[in-house]
Amino acid sequence: MTEKGPVLVATEADDITADMVITELNRRDVPVVRFNPADIGADLMVSARFGTCPAPVVGQVRTPSRTVDLTRARSVYWRRPTWPSFPHLSPDDSRFATAQVRYGLGGTLYALDGLLWVNHPLRIAAADYKPAQLALAQHFGFTVPPTLVTNDPVEAREFIRDQGEAIFKTLRWTPYTRDGVPVTGWAAPVTAAEIDDSVRVTPHLFQARVDKVADLRVLIVGPRTFAVRINSELLDWRKDYSALTYTVERLPDRVDKALHAYLDRLELVSGSFDLAVDRAGNYWWLELNPNGQWGWLETETSLPMSAAFADLLMQGDLR
């Protein structure tokens, strides 16, 4: 691995957070090759050979402005890439073509050895299951709100009554529109009276409401920890960013070490954690986003988050 090898940045076209990291890398004269899998075709080409030379894989990725020898890449920032949908093809052909891109381009990148992923997409996918997150959080000593995942309406009503105050959260964010308008699933209060037989269709996540005074967003980047206290009176602070104020926080050592250990267990080098702080100052586990947003927090607090990502990506392989 040469020091002058490029950093690959896989993300969609409109990604301000990736722009911040790329700007920092450019300032340091680090070569960057940015691409989005959705651009496969005229604007993105991949070629890889196996079994033809001493190296297990050799190849290139080419964009209109860059060509990179994949064996020289030092790291991959897997930010917010999108995969092609091929709308001009029939549904069956579209599914086939998309799979070929995922397993051709993706498989070629996964075959590369000796470079750092921030984060590896397979590790991101494995870390993104909330029930598994809750179990692992308890293993590492975090206080987890009583939670029920069920599609049994009877059990759901009983659980909600037992908690006094409960909320509903989606198990996975997915793109969703209603009458053509994009909507999202906020954490929201729920009562037993609202539960009907439609709950049977899919598992739902119900959770005791934490009597919190603030939220914490904790970004870990390699060895660095950035903790920001988010002050608001909202159950889900994402609903209104204009209602938020921010304070830089220092975590207790035990909490900081537990979060790093959590990422190590998942083989992630970065992650965005959401915690809640109650009136007694206790920290409650909420969730991990293995590829969460953080750019606006740097703008609000001046914490050197993009510089930390640049440090990590410049370093390359951590082994």
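**A first reading of this model**

Colleague: Which residues does Thr225 touch, leaving out residues up to four places away in sequence?

Modeller: A contact means heavy atoms within 4.5 Å. By that rule Thr225 touches Val218, Leu219, Ile220, Leu251, Asp256 and His260, not counting residues up to four places away in sequence. The model is predicted, so local features need pLDDT of at least 70 and side-chain atom pairs pLDDT 80 or more, whereas totals for chains, interfaces and linings use all residues. Numbering runs from 1 along each chain as its sequence is written, and side-chain values use heavy atoms, without hydrogens or water.

Colleague: Which side chains make polar contacts with the side chain of Thr225?

Modeller: A polar contact is a pair of N or O atoms within 3.5 Å; within protein, one must be able to donate a hydrogen and the other to accept it, and residues adjacent in sequence count only if both atoms are side-chain atoms. The side chain of Thr225 has such a contact with that of Asp256, at 2.7 Å. The side chain of His260 makes another with Thr225, at 2.7 Å.

Colleague: Where is Thr225 found?

Modeller: Strands (E, at least two residues) and helices (H or I, at least four) are DSSP runs, numbered from the N terminus. Thr225 lies in strand E15, residues 224-231. Buried means under 20% relative accessible area, exposed over 50%, and partly exposed in between (1.4 Å probe, protein chains only). Thr225 counts as partly exposed because its relative accessibility is 27%.

Colleague: In what order do the four strands of the open sheet lie?

Modeller: Strands of a sheet pair through backbone hydrogen bonds, either parallel or antiparallel. Two strands pair if DSSP finds at least two bridges between them. Here the order is E8-E13-E9-E12, and the pairing is antiparallel. Strand E8 (147-150) and strand E12 (188-190) are the edges, each pairing on one side only. Inside the sheet, E9 (166-169) and E13 (204-208) share four bridges. Lys169 has Leu205 in E13 as its bridge partner.

Colleague: How many residues does the largest nonpolar core have?

Modeller: Nonpolar side chains tend to be buried together in soluble globular proteins. A nonpolar core is a set of buried Ala, Val, Leu, Ile, Met, Phe, Trp, Tyr and Cys residues joined through side-chain atoms within 4.5 Å. The largest has 31 residues; Trp294, Met305 and Phe309 are among those with the most contacts inside it. Elements giving two or more residues to this core include E15 and helix H8 (305-315). H8 gives the most, with six residues. A second, separate core of 23 residues includes Leu136, Leu259, Leu263 and Phe273.
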